[in-house]
Amino acid sequence: MSATLELDSIRQEFPVTKRMLYLDSAHQTPMATCVRQALAEFLAEGNEMAGPKPVWMRRVERAREDVAALLNASPSEIAFTKNTSEGLNIAANAVPLASGDTVLMLEGDHPNNAYAWLNLKRKGVEVRFVNVADDEIATAETFERFIDATTKVISLSHVTFHAGQRHDIASIGRLCAQKGIYLVVDAMQSVGVVPVDVKKLGVSVLAAGCHKGLLVPQGLGILYLKAGLDELQPAYLAMSSLANPPED
Ligand SMILES: Cc1ncc(COP(=O)(O)O)c(C=O)c1O
């Protein structure tokens, strides 16, 4: 398929584009017809069958496999959340942090990333903000000179929500691996828009909502947690969080 034909067929999925030129300024996408159809199917199932749980659970697992493939992760490393903020809060409460530990962030990063970590002030955890200009890309060098023995986490956006820079997460990932620091990435503006390969980027935790590049309406998020981080503590637990849930 030529690039123009491919674009045309994608455009067909968004009927709004017949009436107006839609400028996506990184907020939310109009609903695609295939998404609307999938939602209609879901509503009809609920309406007619009072919730076909096995069908829905199988669909969840298929979606988990799709998300894992998109991020180059394993399905067991993927959880569903309600949005980016919930994923970042899960990360902030799961990483073992104690009084005196510090988290490095970028000045001007998304507030919902900042608040997840600033909320740990009551535990004595300090957040330090590093400056990066709107036309600058954050790299390992941006953070390296601010790292000391107390630094336990670097948390930043992959693509920023205002200036739109794509930070060099891979170099920051290599630095974090060297220093034994957790790297938490907010991929809300990048997932579905630019390639996101969690292995190449070297991230420990990645959180995103699905209502921008993944075209899902508000209310669904994805969370990647690197396998082997067994020291992470879940802030809340349900049966579906268990490795071996009881049969009954
Ligand atoms: C980079 C970034 N992080 C977080 C958010 C907030 O996302 P959510 O509503 O999924 O919590 C946004 C929303 O615009 C964003 O652009």
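Predicted model: local features only at pLDDT ≥ 70, side-chain atom pairs only at ≥ 80, totals over all residues.
Residues are numbered from 1 along each chain as its sequence is written, and side-chain values use heavy atoms, with hydrogens and water left out.

**Where the domains meet**

I looked up the contacts (heavy atoms within 4.5 Å): 9 residues of domain 1 touch 6 residues of domain 2. How much area is buried between domain 1 and domain 2? I found about 660 Å², with 56% of that from carbon and sulfur atoms. Buried area here is the accessible area (1.4 Å probe) that two parts lose on being put together, summed over both. On the domain 1 side, Ala26, Gln28 and Thr29 lose the most, together 56% of what that side buries.

Next I checked salt bridges, meaning a side-chain nitrogen of Lys or Arg within 4 Å of a carboxyl oxygen of Asp or Glu. Between domain 1 and domain 2 I counted 0, while the whole structure holds 7. One I looked up joins the side chains of Glu41 and Arg59, at 3.7 Å from N to O. Glu41 sits in helix α2 (residues 33-49) and Arg59 in helix α3, 18 residues apart.

**The sheet**

Then I turned to the strands. Helices (H or I, at least four residues) and strands (E, at least two) are DSSP runs, numbered from the N terminus, and two strands pair if DSSP finds at least two bridges between them. I read an open sheet of 7 strands in the order β1-β7-β6-β5-β4-β2-β3, with mixed pairing. Its edge strands are β1 (78-81) and β3 (126-130), each pairing on one side only.

I picked out β2 (residues 102-106) and β4 (residues 151-157), which pair in the parallel sense over 3 bridges. In this pairing, Val103 stands opposite Val153 in β4.
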